[in-house]
Amino acid sequence: MRRRKEGSGRQFKRFQIELLVVFSAIILIVTFFLDYLILERSGRTMQQNASNLISANSRQIELNINSYLERMETIPTLLFSDETYYLYDATDKSLEEYDKVKNEESIQNRIVDIGLMENYADFGIYYSNDHSVGWISHGTMDIFPEGGAYAAFSEYATDPKTNDGWCFGIGGSVDRLYYIKRLNPNAILVSATYTRELASVFIHPEQLEEMTIRLVNPEDTIIYSSDTAEIGRVLPDDIRTTLQKKGVSGAAGDPSGRRFDSTIISDEFIINSNECENGWRVVCTVPMESILRENTELRRFVFGVSFFMALLFVLVGILLIRNLTRPMDTMVSNLNEKAEMDRLSGVLNKTAFEEAVKEHLKERPESDLSVMTILDMDNFKLVNDRLGHSHGDKVIIRAAEFLRKHYDRDTLIGRIGGDEFALYTECAVAGDGHTETLGTASMENLRIKAREIVLGTVKEQMDGVMKEFLEEFREEREKCEVSVSAGVYITPVEPAAEDFETIYKKADYALYTSKRAGKARYTIYTDGPEKEAAHESK
């Protein structure tokens, strides 16, 4: 057997060396290939990645703005819930003064209710005689000190289907966006929001700190910008010229309904332009210098990673060569562990448990105490008969999980029968060589005290196990009278080299005592003058 293991070890060692050589070659080839791919083409790659990121960001801002504008357009439609609101004409001379007051009071109240739904700067109705009803700010009124608001705003309700439109920069004012909606031939709704509200829909990715995001109208006037100093100005000439060359500047759209969305990579900028539903455009720009700066950082990163990978590979290779047997042992150990485990419960099977306990008994100091526990589920056969074998398998799995939860990692747990489990634990009397400095009498006293402590701990633990088992398996107890019986054996005070068969038989005898006494209890087998006495507990 030993020769076979040594032969397998040499074969595995050769296999590992060959694997190491092949792996080294693959790593070197892949590393050089990646260095070439990244370092030789990194500029183009970084430009494309940045372009994709800018495009995605611009598209998201476009969607955000569309959603924002749609919300601003939807709320005023609430005025069409009653014809009094949208058919009323303040220029109608046939109306009595009382009727005008009542109608305008009703409209005023409705406008106030609707206007509170958003942070509006203005929300009111202008009539063709420049009479207004609603929420008109001083900022808007100051733009038209001599009248003319109706005529000025009416020019922007140009959509033939919806009779509405947006405008910016009225009277040189850049702090408001106006939405115009025609209610009847002599009345238009004017609502306005502050341009600073658009900051909530502008997304600025951390990877592109130097990116400038702008919202411009068809005349290339900047409605909003991440650089607030640009608001109200015309798009910079270099960017505007580049866009015009691509046909994405100036009047929005074309008769065919084509959207002017484009990404442009020039020597100076990466520019992305996305058209919103109302004809405004989101223009995102990043200086090429910024992109190339990141490319330089990437080059440094790649060289650093390559050097680190080469160094790490050499170190790993040396460790692998020096410790070729350890991976083999680990592999064999893992395979043995799988073979030792009971497939259903996940604990040690009967053979593996016995071998593990024997190994522990060989290495255990004679002064230490050992505890062997055997547990058997009472009336388990009724579970299979009444609830089915699949349920019985689940009970076995739950029982194993129950034991793992109630015992520490140093306790060996094995399934030694259909519904029977065994546990083995060692308890050190004294550690760090202290027993060598103690006399015989002191050592005996120490073992007596230690055994008393172990006995008390075992009793306390078993009481908890017996009680919690009944709670854990309450359904099975009610339907099939399932309980658990246990037998426990604790090695005696006098040092003794007991083998597995001895401690197992004594624990098994204690289990038999529990079964004979009526089940659902545990018995602690005791050596010595009271050898035949049994400690029982329900």
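This is a predicted model: local features need pLDDT of at least 70, side-chain atom pairs count only at pLDDT 80 or more; totals for chains, interfaces and linings use all residues.
1. Local features need pLDDT of at least 70 and side-chain atom pairs count only at pLDDT 80 or more, while totals for chains, interfaces and linings use all residues. Residues are numbered from 1 along each chain as its sequence is written, and side-chain values use heavy atoms, with hydrogens and water left out.

2. The largest nonpolar core has 46 residues. Such a core is a set of buried Ala, Val, Leu, Ile, Met, Phe, Trp, Tyr and Cys residues joined through side-chain atoms within 4.5 Å; buried means under 20% relative accessible area (1.4 Å probe, protein chains only). Ile65, Ile125, Leu198, Phe202 and Leu215 touch the most other members. Helix α1 (residues 2–74) contributes the most, eight residues; helices are DSSP runs of H or I, at least four residues, and strands are runs of E, at least two, numbered from the N terminus.

3. Leucine 215 has contacts (heavy atoms within 4.5 Å) with residues including Ile65, Leu198, Phe202, Trp280 and Arg281, leaving aside residues up to four places away in sequence.

4. Another core, of 35 residues, lies apart from the largest one; among its members are Val458, Ala486, Val488 and Ile524.

5. Five strands form an open sheet in the order β2-β1-β5-β4-β3, with antiparallel pairing; strands pair if DSSP finds at least two bridges between them. β2 (132–135) and β3 (164–168) are at the edges with a single partner strand each, so one side of each has no neighbour in the sheet.

6. Strands β4 (residues 176–184) and β5 (residues 187–194) pair over eight bridges. Isoleucine 180 has valine 190 in β5 as its bridge partner.

Notes. Buried means under 20% relative accessible area, exposed over 50%, partly exposed in between (1.4 Å probe, protein chains only).
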